[in-house]
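Here are a few friendly notes for when you have the model open. They begin with helix packing and then step back to the chain.

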Amino acid sequence: MELKVYNSLTRQKQTVKPINNTVNFYFCGPTVYWFQHIGNMRAFFIMDTMRRAVKYLGYSINHVMNITDVGHLTSDADEGEDKMDVASKRENKMPEEIAKFYWNICWNDMQALNIEKPEHICPATSVIKEIINFVKDILDNGYGYITKNGVYYDTSKYPHYGELGGMRQDDKQFGARIEVDEEKRHPADFVLWVKAKDNHIQRWDSPWGVGYPGWHIECSAIGNKFLGEHIDLHGGGVEHKTVHHENEIAQNYAKCGHEVVDIWFHLEHLMFNGGKMSKSTGGIYTLNQLIEKGYSPMDLRLFYLTAHYSKPQNFTFEALNNAKESYNNLKKLILKHKSGKNKIEKAKLNELKTKFSSYVADDINTPLALSVLWDALKNYPDSVDIYNLVLDFDKFLGLKLDEIDQVEITIPDEIIAIAEERKTARINKDYTTSDLLRDKIASMGYTILDKPKNEYEIIKR
Ligand code: AMP
Ligand code: ZN
């Protein structure tokens, strides 16, 4: 089945048409200067669902993700300080140590969320030579100019500049960017190479003096290194539409003389307390914080799956609790089918598979794909055929359904509190109270089993 994805540039769904059946896929990765929160993780989850969709529908994939470890200023539009430099000074560590530390945590979280490893994960600082060559090509082809502060891209040379974000050259939004260099020819022109100030820690020699790359050039250079001059699918957060990806398009054109990316896709944000979940506005949760509160990474993955990537998703604990309960129900149903003896007609199984695949193929519609999973699990007699079918669905969903072999029962805090009260009574040899509390626990649907040294186990009946 063909995969169709909504192209943010042409504003319509478009069929992915890979050369030789291999989809070249690029996704903008993390800036490793701080913890990645569950909003960032939504972005990487969506990257993973796109990757899984490609594979589920029978294509091979060549997937690249960059790690930004230099050049991303506190504003995406080349203003402010380098985020790595700020972190380095804050934590009194070298930028390499900062990058390594936060990347390791980020990668652990991605693995816990069952995010598959891209074929290439590339830190920007590992491709400085390629970046310098890319900038040279842009200058040689007449799309750049040099100022006392660095090398700039001349946006007036690329006639389609602004089309992705829906802005024209004379648009106010370009003008709204603060001028940092009076030699810049147009407010939208952006930096390719920055001449380093004396106190800037990360610095490399270049034909334009000692400095460091601008943020946008890393993605063009890394894409070019691993995927060449044709990228089928390029994704990232919706905020990249107006600056970062606009700039990537312009850079690629200047070097290659043709468009490089076939389909641009953008994900909407995870929202919290009425705004985007974000490090700068506060109000963030990390995966570890959720684990400490008793949620599993798969509870979060199931929560993510309930929303389409093109819509903002609101994070609340109520919604996460619902996902947790759903995951527990999923486990029970999976176990029933795993040992089910009924046979299901081949035609029925094919019908379910076709329906599921059609939702995957239609702009990776995760909520509808999930509805087929529930339909298969709930509306058919217990059967290992259904079990095998949903394990196939899970190649796309990534919910680790094959690892389910028992249902975890979480004992409510209220029951634990009564059990602890009973333990104290038993330590004090107050057996009347102890028996009363045991009966109270029983009336609430739980059995308490006594163990040596006043320890106990609670079982749900
Ligand atoms: P950063 O490390 O800030 O460069 O962000 C890494 C990725 O997370 C980018 O693709 C962002 O678009 C994405 N991102 C940041 N905040 C959110 C959010 N609240 N919801 C979804 N994606 C986000
Ligand atoms: Zn990027």
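1. In this predicted model, the axes of H11 and helix H13 (residues 384-397) come within 11 Å and cross at roughly 10 degrees. That makes H11 roughly parallel to H13 (angles under 35 degrees count as roughly parallel, over 145 as roughly antiparallel). Axes here are lines fitted to C-alpha atoms over the stretch in contact, with angles from 0 to 180 degrees between N-to-C directions. Helices (H or I, at least four residues) and strands (E, at least two) are DSSP runs, numbered from the N terminus.

2. Which residues of H11 meet H13? On the H11 side they are Leu349, Leu352, Lys353, Phe356 and Val360, and on the H13 side Asp385, Ile386, Leu389, Asp392, Phe393, Phe396 and Leu397; contact means heavy atoms within 4.5 Å. The residues of this contact divide into 9 nonpolar, no polar and 3 charged (Ala, Val, Leu, Ile, Met, Phe, Trp, Tyr, Cys and Pro count as nonpolar, Asp, Glu, Lys and Arg as charged, the others, Gly among them, as polar).

3. H11 (residues 346-361) also packs with helix H12 (residues 366-378): their axes come within 8 Å and cross at roughly 160 degrees. H11 and H12 are therefore roughly antiparallel to each other. From H11, Leu352, Lys355, Phe356 and Tyr359 meet Leu368, Ala369, Val372, Asp375 and Ala376 of H12. Sorted by class, the contact of H11 with H12 has 7 nonpolar, no polar and 2 charged residues.

4. Have a look at Lys378, which is found in helix H12. Is Lys378 buried or exposed? At 54% relative accessibility, Lys378 counts as exposed (buried is under 20% relative accessible area, exposed over 50%, partly exposed in between, with a 1.4 Å probe and protein chains only). Lys378 and Leu330 lie 48 residues apart in sequence and 9.5 Å apart in space, C-alpha to C-alpha.

5. Stepping back, the chain comes to 15 helices and 18 strands. Its C-alpha atoms fill a box of roughly 85 × 60 × 35 Å along the principal axes. Of the 461 residues in the chain, 52% are buried. Among contacts between residues at least 6 apart in sequence, 74% join residues at least 24 apart.

6. A word on conventions. Residues are numbered from 1 along each chain as its sequence is written, and chains are lettered from A and ligands numbered from 1 in the order in which they are written. Local features need pLDDT of at least 70, side-chain atom pairs count only at pLDDT 80 or more, and totals for chains, interfaces and linings use all residues, while side-chain values use heavy atoms, leaving out hydrogens and water.

Technical notes: Parallel < 35°, antiparallel > 145°, perpendicular 65-115°, else oblique.
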